[in-house]
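My entries follow in the order of looking.

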Amino acid sequence: MYYEILVGGYGGQGILLAGYIIGYAAVKSGLNATYVPSYGPEARGGRSASRVIISDSEIDYPLIRNADYLIIMYQEAYDAYVGLLKPGGILIVDRDLVRLDDRSRKARVFEIPATRIAESIGNRIVANMVMIGAFTAISGIVSPEVMKETIKEAVRGRYLDMNFRAFDEGYMYAEKLMREKG
């Protein structure tokens, strides 16, 4: 088992936190993981990415060469990173913020209205948790229970319930999409 995952968006969307949670949940599940965050000099508002590798054996190189999963929450991130997605890989996008083009044809695409779901919950800042929920359902790499335990450790305080609800909504939306796609 070896998966390369890239989460891309802009600063302020919780992209780095999303990658951290995915990687840490894998470690809690007994797997190996690397996590490499990156963001532009603008930090908030500039392009950012989390690169996560998950494996059941040692990981000797922490950078992504051919992403198995691309989780994209912003058009500029799509444009910058879609070339890293391997043919037949999984592309999960926030369908309200990312316009797909011919480059997405090489992938199995899941369009999640993450920002819209987050806004319906009460705060668009939890869109990253919607995407983590969707990724968890689609990938099956880590159980939803372990992912939620990890979210609880990473997100404390008064927003925890909102983050759990966002995760659940994303998970259920992705499950529905997978049933429809067959």
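**Helix α3**

I started with helix α3 (residues 114-121), where I found Ala-114, Thr-115, Ile-117, Ala-118 and Ile-121 buried. Buried here means under 20% relative accessible area, exposed over 50%, and partly exposed in between, with a 1.4 Å probe and protein chains only. These residues cover an arc of only 160 degrees around the axis, which puts them on the same side of α3. The arc is that of the directions from the helix axis to the C-beta atoms. An α-helix has 3.6 residues a turn, so residues three or four places apart point the same way.

I then looked up the cover: the buried residues of α3 lie under elements including β5 (85-94), β6 (108-112), α4 (127-139) and α6 (160-181). After α3 comes Gly-122, and I noted its positive phi, near 135 degrees.

I note that this is a predicted model, in which local features need pLDDT of at least 70 and side-chain atom pairs count only at pLDDT 80 or more, while totals for chains, interfaces and linings use all residues. Residues are numbered from 1 along each chain as its sequence is written, and side-chain values use heavy atoms, with hydrogens and water left out.

**Helix α5**

In helix α5 (residues 144-154) I found Val-146, Met-147, Thr-150 and Ile-151 buried. They cover an arc of only 145 degrees around the axis, which puts them on the same side of α5. Glu-145 and Lys-152, on the other side of α5, are exposed. The cover of the buried residues of α5 includes α1 (15-28), α4 and α6.

**Rings**

I counted 6 aromatic pairs in the structure. Rings of Phe, Tyr and Trp (its six-membered ring) pair if their centres lie within 6.5 Å; planes under 30 degrees apart count as stacked, over 60 as edge-to-face, and the rest as tilted. I looked at Tyr-69 and Phe-135: their ring centres are 5.3 Å apart and their planes are at 85 degrees, so the pair is edge-to-face. This pair links distant parts of the chain, with Tyr-69 in strand β4 (residues 67-72) and Phe-135 in helix α4, 66 residues apart. Both Tyr-69 and Phe-135 are buried. Together with Tyr-3, they form one aromatic cluster.

I also checked for charges over rings (NZ of Lys or CZ of Arg within 6 Å of the ring centre and within 35 degrees of the ring normal). The charged end of Lys-148 sits over the ring of Phe-164, 5.2 Å from its centre. Lys-181 lies over the face of Phe-110, 4.9 Å from the ring centre.

**Gln-75**

I picked out Gln-75 in helix α2 (residues 75-81). Gln-75 has 16% relative accessibility and therefore counts as buried. Setting aside neighbours within four places in sequence, Gln-75 is in contact (heavy atoms within 4.5 Å) with Leu-97, Val-98 and Arg-99.

**Whole chain**

I listed 6 helices and 6 strands, running β-α-β-β-β-α-β-β-α-α-α-α from the N terminus on. Helices (H or I, at least four residues) and strands (E, at least two) are DSSP runs, numbered from the N terminus. Buried residues make up 49% of the 182 residues. Among contacts between residues at least 6 apart in sequence, 58% join residues at least 24 apart. The C-alpha atoms fill a box of roughly 40 × 40 × 35 Å, taken along the principal axes.
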